[in-house]
Amino acid sequence: DLKNINGDDTFTFDKKTYKIKDRKIIEKSVVDMSKIVEETDVNTVILMTCYGEPTGPQDYSHRLIITAEEV
């Protein structure tokens, strides 16, 4: 249910709590991984999954990218 995450949500990973800071949908063809996984000053978790319209077996037109920071 990543598509339903919003800025008020938190989750626990590796015994640390993270709060959603950003949620965006990007067309697959323009995803720039070097910008998505940039170094940060705080512990950050980035979740990315397929989104949008199917373009073939096991692939979709967009990516849903969620960034969360440790609180």
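Strands β3 and β4 (residues 59-70) pair in the antiparallel sense over 10 bridges, where pairing requires that DSSP find at least two bridges between two strands. Strands are DSSP runs of E with at least two residues, helices are runs of H or I with at least four, and both are numbered from the N terminus. Within this pairing, T49 has L64 of β4 as its bridge partner. The model is predicted: local features need pLDDT of at least 70 and side-chain atom pairs count only at pLDDT 80 or more, whereas totals for chains, interfaces and linings use all residues. Residues are numbered from 1 along each chain as its sequence is written, and side-chain values use heavy atoms, with hydrogens and water left out.

The two strands belong to an open sheet of 4 strands in the order β1-β2-β4-β3, with antiparallel pairing. Its edge strands, each pairing on one side only, are β1 (10-13) and β3 (44-56).

The largest nonpolar core has 7 residues, I5, Y18, I20, V45, L64, I66 and A68. Such a core is a set of buried Ala, Val, Leu, Ile, Met, Phe, Trp, Tyr and Cys residues joined through side-chain atoms within 4.5 Å; buried means under 20% relative accessible area, exposed over 50%, and partly exposed in between, with a 1.4 Å probe and protein chains only. Strands β2 (16-27) and β4 each give two or more residues to this core, and β4 gives the most, with 3.

The whole structure holds 3 salt bridges, each defined as a side-chain nitrogen of Lys or Arg within 4 Å of a carboxyl oxygen of Asp or Glu. D22 forms one with K24, the closest N and O atoms being 3.4 Å apart. K28, D59 and R63 are linked in a network of salt bridges. In the K28 to D59 bridge, the closest N and O atoms are 2.4 Å apart. K28 lies in the loop between β2 and α1 (33-36) and D59 in strand β4, so the pair ties together parts that are 31 residues apart in sequence. R63 meets D59 at 3.0 Å, N to O, and both R63 and D59 are buried, whereas K28 is partly exposed at 36% relative accessibility.
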